[in-house]
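Biologist: Please take a close look at the contact between the two chains and describe it in one connected account.

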Amino acid sequence: MRQALEWIMLFFGGVIFVYMLIVIVAYSLMFLFALLELKKQRRLDRRELDERFVDAFYSKPVSILVPAYNEQAGVVASIHSLLNLDYPQTELLVIDDGSKDETAAVVIRQFDMEPAEKPVMPQLRTKPVKEVYRSRIHPNLWLIRKENGGKGDALNVGINYARYPYFCTIDGDSILDTRSLLRVMKPIMTSNGQVVAAGGNVRIVNGLSVEYGAVDDVRLSGRALVVMQVVEYLRAFLMGRIALSKFNMVLIISGAFSVFSKKFAIAAGGYNTTTIGEDMEMVVKIQRFLKEQKLNNRVEFVPDPVCWTEAPQSLSILRRQRRRWHQGLLESLWAHRRMTFNPKYGAVGMISFPYFWLVECFGPVIELGGYLYVILAFFLGGVYYEYAVLLMLLFILYGTVFSIGSVLLESWSLNAFPKRRDVLRMMALSLTEVAWYKPLTLFWRIEGLVRSMFRISSWGEMERIGATKGAPK
Amino acid sequence: MTGLPIGWVLGGVVFLLLLLAVLTAYLFIARAAEEKRGRRAAAYLERNTAAWFRHLRGLEPAGEELIPKDRGEAAAVEEVFRSYLNNVTGEAIRERIRVFSNRHLSSYYRKKLSSRNWSDRMNALYRIHDFGVDSLAEDCRALGNREVSRDEQFQLLLIDLAFRPDGFVERNIHRNGQISEVENKELLFRMPEDVFHETARRLDELANDTKYALIDVLGMKQDIYWLPFLEKQLDSNDQELRIRALRAIDALGIRTPDPILDQAVFSPVWQERFIASRMIRRLPEKKALQYAEVLAGDESWLVREELRGLGPALERRRLEKEAVR
Amino acid sequence: MDLQAGSVPGKVLGGTEVGYVYELLKANVVRGRRTMSLVLIRVDGGQQNDRLCVRLVQSVRRTDVVFAPGREGECGLLLPQSGKEEASAFLRRFAGEYDGGTAGIRAAVLEIRHPDLSFEQALELGRTGLVQTEESEWIRFVDSGLGRPAETVKVSVLDPDPLFREALSMSIGSLHVPSVTLEVRTFGDGLELLESGWTASWHPHLVILNDVLPKQNGLDVLHALRKMPNEQKFTVLMMTRRNSEEDMIYAYESGADEYLIKPFPLRLFEAQVGRLLARLWS
C-alpha cells in the first residue's frame, strides 16, 4: 500500500515536473525572442512609417466591421474612435445582431442615420438582413440590422456587405488609437498582400478616462482583479504572440482587433457560426487553408497597434469569460485535430498545435494537479515534503518570475504605463498571483474544458449570442 | 525528480528575483533620464516655438538660442521640423530646415548612423532623408556598403534618389528586384520627371514587381502623355501586366479608344472585362448600351454588378449635360 | 417742388426725412459690414436745383436716395450699396448725359462706414469738399476720418499636432486685416471647442479644422456648427491629409467654405485666410 502510494506520488510528481520543465523552456525561448525583437525596435520612431502610409496612393482600403449585440452603452464611443482613425479610406459597418436593447436606435439617433441601399455580394450564407442605414454626418458609416445569429454570423453579414478588399473586426465595446489601423495594416501593405491576416495588441481599458472614444490618460485600474488581467494580457502577448508570429505559427489573434484579407476569409469559408470562439476558429481555418493550398502567405501579430477593451470587473463575469474562452479553444483544436503532428501543416501542425494542446488546453489540468499535489505532499510529510517545496519553487519560477519579467520588458520597450507606481504595483501583484488568481483561472478553465467535453455549450445572454441556439443536445 | 537539489532551485529562484530587482532599478534610472530629456525638450519648445515660426517663415535668421545643446533639445528641434514638413510645403521652409540640419544636427546623426542599434540607425536615416542632410551623403553610402537590413537598404535608396538623382537608375537598376511593390511605388513617386522617364524607358530590364508598380503609378499620375506607353503594354505576354495597364488606362479618366475597349470586352480574363465594364460609362449612351449587352450575361458577378450601376450613371451624366446647356 | 408722382421712380426727400433715412441706412451698412456713399452735387450758374434733383431721381437705382440739402443749386444723394469708386463712376455717367455737360457741375463724395458719423457732420464735410473742387477735378473725395469701427473676429484652430496648431495661430496672428481685431484660440480636439462656449457669441468666427481629430472629428464639428442657430457667422476651412475627391465634395456639401490639402504652403494659407476675412466685408 505504502509502496503503491509512493509509486503514484512519484509518477504524478514526475509528470508535473516534466510538464513544468517543458513550459519553462518554451516560455523562456519565447521570452527571449520577444526580448530580441523589442530590443531591435525599441527606439524606432514609428510615426515615420505611419506618415508614409497615410497617403491614399499606397494604401489598401479597409472595411471595418463592428458586430454589436446589446451594446447600447459602449457602441457610440467605439464608433467615435473608429471614425477618428487616421487611415486614408475606410468604411465602417456596424452590424446590429438583433439586439434586444436600444443599440440600433442609439446609433441611428447619434449619427443622424437614414435608410439606404448598399451593394451586397452574397458570398456567405447568413441570417436575413432587415434594414441598412447610412449616416448623414459621416457618409462612410453604415448600420446593418439583421436577425440574431451570433457574432460569427454578424461578421459574415459584414463581409458580404464590405466594399473593400480587407476587413477589420472590432468588438462593439473596444476602442482604437488613431494610428492603430494604419499600423496593423502595415505588414499587409509592405508584404504586398503576402500577409493575409494580422492582429494587434489588446490592452485593458478599465481605469482609463475615455471620452468620445479617445483614451486620455493611461493609468492602472485600482482593482487587483483588473491589474492581474492587465499583467496576464501583456504576458500572453510577450510570451506567445511575438515569437509565434515570427515563425508564422499564430493560431490566435484576438477578435477584438484583427484584419483579414476578404478573399482569404471567404476562401476559408467565412466565420463559423456554431463554435464559441469564432475568432480563433477563423485563424485556424485560414492557416489550414494556406497549408492545404501550399501557399506561403502569412498570419502576423503586430505588437504596437493597440486596441483597448473592457475587462470583466467581477469574479462571476470573469469566470464566464474564461470558461467560454477555454471552450472555444478546445472546440477549435478538436475541429482541426487532424492538423496535430501532421507534417503537411508545417510548423503550425508540428509545433503550434501540440503546444496549444499541451500547454493551453490541458495545461490547467496538470497545473491544478500540481497544486493538489503540493497540498497532499505537505500532509504526507517526510520525503514528500521535499517534493512539495521543489514544486512550489517551480510554480513561483514559472508564474511569478515570468510575470514580473514581462512587466519589466513591456515597461522597458513599449512603456504602456508610464507611471512608476503602476509598474511597481503590477510587479507586487504578480508576486501574489500564484496564491489566488492563478488557481482561480485554472479552475475556470478546467470548467470550460469539462463543459466542452460534454458539449454543454450553453450561451448565456452575457455571451453575446442570444437564445436562438445552443440548447444542450 | 529528486535529481534536482532544492537548494539549487531555491538559489535559482532567489537569484532570478534579485536579478529582476536590479533590472527594475536600472529601468527606473533609465526612465528618469528619459523623463529629464523630455522635460528639456518641452522647455526648449516652450522657449522657442515662436522663434522657430519666425525663422522658418523667413522673418528672421536662426538665432543662437535655437541651436540644440543636448539630446533632449535635438529631439525638440526634430519635432518642430517634422511638424512643419508634415503639414506645410514650400521650398523656402525646406531649404531653411536643410541648412539648419546640415549645420547643427549632422554630427548628431553621424553618430547615430554608426550606432549598433537598428532603431537608432533607422531613425537617423529617416531624418537625413526628411530634413535633407546632404552633408551625410557620403556616410550613407558607406553604410550601404555594409551588411544592412532591408529597411535600411530601402531608406538608403530614397536618400540616394533625393541627393543624387543623376545616374540613379544606372546605379540601382540591378537592385530593383530586392524591394517590394509598395516600396517601388514610393520610389517611383518620388522620382523627378527625367529619372522616371529613364526608368520607364528601361521597363524591360525591371523585375515584375517594379514593372507593376510603374504601371500603377502611371494610373495614379493620370497623365494622358503615357497613353501610348500603356497601350503598348496591352500586348505583353504577362497577363498581370496587361490587367494593370488596362486599369491604368481606365484611371486616366478619358474615353477609352475603341480598339482597346473591344479587346477588353471580349477578353477571356474576367478582370479585363470588369475594367471594360467600368470604362463603358464614359462612352456615348448608344455605344455604351451596345457593349453592355455583350457583357450583360457575363459569368462574373462583379462584371454584372458593375453593369447594374450603368443605368443611373448614364442618367446622371445626361442630367449634367442638360445642366450645362 | 412740382414733381409728378409716378412719372419718376422715387422722390426727393426733404431735410427731416432724409436725416431719418440716413440713420436707418447707416445702421444697415454698419451691421452688414458694407460701405455707403453720400454725394453732394452743385451746379453753378443759377440753375434750378429741382431740375438737377429730378434728373438725378431719373438716373439713380431704386435703392438710392435723392435729397434736397436745403441750399440753392445743391442736391444730395445717398448710395447705400456703393463705395466712392462706384459713386464717382455714376457721377461721370450722369454728367455725360446732363444737358449742361460737366461745365459747372461739382461734386463731393464721402464714404460712410462708422456709426458715429451724423448726418449733419457728413453734410458739413461734403460742403467743405465742394469748396475744394476745381475745374479739372470736379469730383472731390472727402475722408471723414472715421473708418470702419474695429471689429472682433474669432478664429479657432483645431489640429491634433500642438506645434502645428501654434504655427497656424502665429501665422494668422501675423496677418494685418484693416479694422479687424483677431482673437485666435487653439484646440486639440473637437469636443474642446464645442464645450468651450467660445462659439456662443455673435462675433464672426473663422474655424480652421483638421478632419482627423480626437473625440469629435472634423465632420462632427462641422455638423455641430452648422446646426447652431446663427450658423452663418462661421466660416469653415477644412484641412486634410487625404487627397480624396469624394471626401472633399462631401465636406463642401456639409458646409465647409474652403478645403486645404496638407501639406500646403503657409503663404497660400495666409492669403486664403486673409481673403476669407476680407470677404466678410463685401
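Modeller: In this predicted model, chain B and chain A bury about 4200 Å² between them, 64% of it on carbon and sulfur atoms, where buried area is the accessible area (1.4 Å probe) that two parts lose on being put together, summed over both. The contact, meaning heavy atoms within 4.5 Å, takes 43 residues from chain B and 46 residues from chain A. Six salt bridges are counted between chain B and chain A, each a side-chain nitrogen of Lys or Arg within 4 Å of a carboxyl oxygen of Asp or Glu; in a salt bridge between Arg47(A) and Glu79(B), the N to O distance is 2.8 Å.

On the side of chain B that touches chain A, the elements giving two or more residues include helix 1 (6-56), helix 2 (71-87) and helix 5 (118-131) of chain B, with helices being DSSP runs (H or I, at least four residues) numbered from the N terminus. Helix 1 of chain B gives the most to this side, with 15 residues. By class, the side of chain B that touches chain A has 24 nonpolar, eight polar and 11 charged residues, with Asp, Glu, Lys and Arg counted as charged, Ala, Val, Leu, Ile, Met, Phe, Trp, Tyr, Cys and Pro as nonpolar, and the others, Gly among them, as polar.

Local features need pLDDT of at least 70, and side-chain atom pairs count only at pLDDT 80 or more, whereas totals for chains, interfaces and linings use all residues. Residues are numbered from 1 along each chain as its sequence is written, chains are lettered from A in the order in which they are written, and side-chain values use heavy atoms, with hydrogens and water left out.
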